Amino acid sequence: MNEPKLRFPEFTGEWEVKKLGEVAKIQNGYAYDSTTFSYEGDYVIRISDSQNGTVSLTTAVRSLCNVPETFKVVKGDILI
């Protein structure tokens, strides 16, 4: 039985085990050529730009390369 001992009151019954890809879209990162980095263009979010659950655009670089829409981060996206 998949029912944990510690529960939040609003959750009842058994748990259903699923793979993350079954409930969310998984998108790997995009490899940027650092020679395209600029002070203009789209922001490039690097691991070093993310700390304590936030992304800092003051340290983020920008890229002039043509980035496919599927790699652009939009409000509501979760970055892991």
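**View 1. A nonpolar surface patch is formed by Tyr-43, Ile-45, Val-55, Leu-57, Val-73 and Leu-79, and covers about 500 Å².** A patch of this kind joins nonpolar side chains (Val, Leu, Ile, Met, Phe, Trp, Tyr) within 5 Å, taken from residues with over 30% relative accessible area and no salt bridge, and the accessible areas come from the Shrake-Rupley method with a 1.4 Å probe, with only the protein chains shown counting as cover for residues. The model is a predicted one, in which local features need pLDDT of at least 70 and side-chain atom pairs count only at pLDDT 80 or more, while totals for chains, interfaces and linings use all residues. Residues are numbered from 1 along each chain as its sequence is written, and side-chain values use heavy atoms, with hydrogens and water left out. Leu-57, one of the patch residues, is found in the loop between β4 (54-55) and β5 (61-63), where strands are DSSP runs of E of at least two residues and helices are runs of H or I of at least four, numbered from the N terminus. With a relative accessible area of 42%, Leu-57 is partly exposed, a class that lies between buried (under 20%) and exposed (over 50%).

**View 2. The charged end of Arg-62 sits over the ring of Tyr-43.** The distance to the ring centre is 4.2 Å; a charge counts as sitting over a ring if NZ of Lys or CZ of Arg is within 6 Å of the ring centre and within 35 degrees of the ring normal.

**View 3. Asp-42, Glu-69 and Lys-72 are linked in a network of salt bridges.** A salt bridge places a side-chain nitrogen of Lys or Arg within 4 Å of a carboxyl oxygen of Asp or Glu, and the structure holds 4 of them. The side chains of Asp-42 and Lys-72 meet at 3.4 Å, N to O, and this pair links distant parts of the chain, since Asp-42 belongs to strand β2 (residues 42-44) and Lys-72 to the segment after β5, 30 residues apart. Lys-72 also meets Glu-69 in a salt bridge of 3.4 Å, N to O. Asp-42 is partly exposed at 35% relative accessible area, as is Lys-72 at 30%, whereas Glu-69 counts as exposed at 60%.

**View 4. Arg-46 forms a salt bridge with Asp-49.** The closest N and O atoms of Arg-46 and Asp-49 are 3.2 Å apart. Arg-46 counts as partly exposed at 31% relative accessibility, while Asp-49 is buried, with a relative accessible area of 3%.

Key:
Patch = residues over 30% accessible without salt bridge, like charges linked within 9 Å, V, L, I, M, F, W, Y side chains within 5 Å. Buried < 20%, exposed > 50% of the residue type's maximum accessible area, 1.4 Å probe, protein only.
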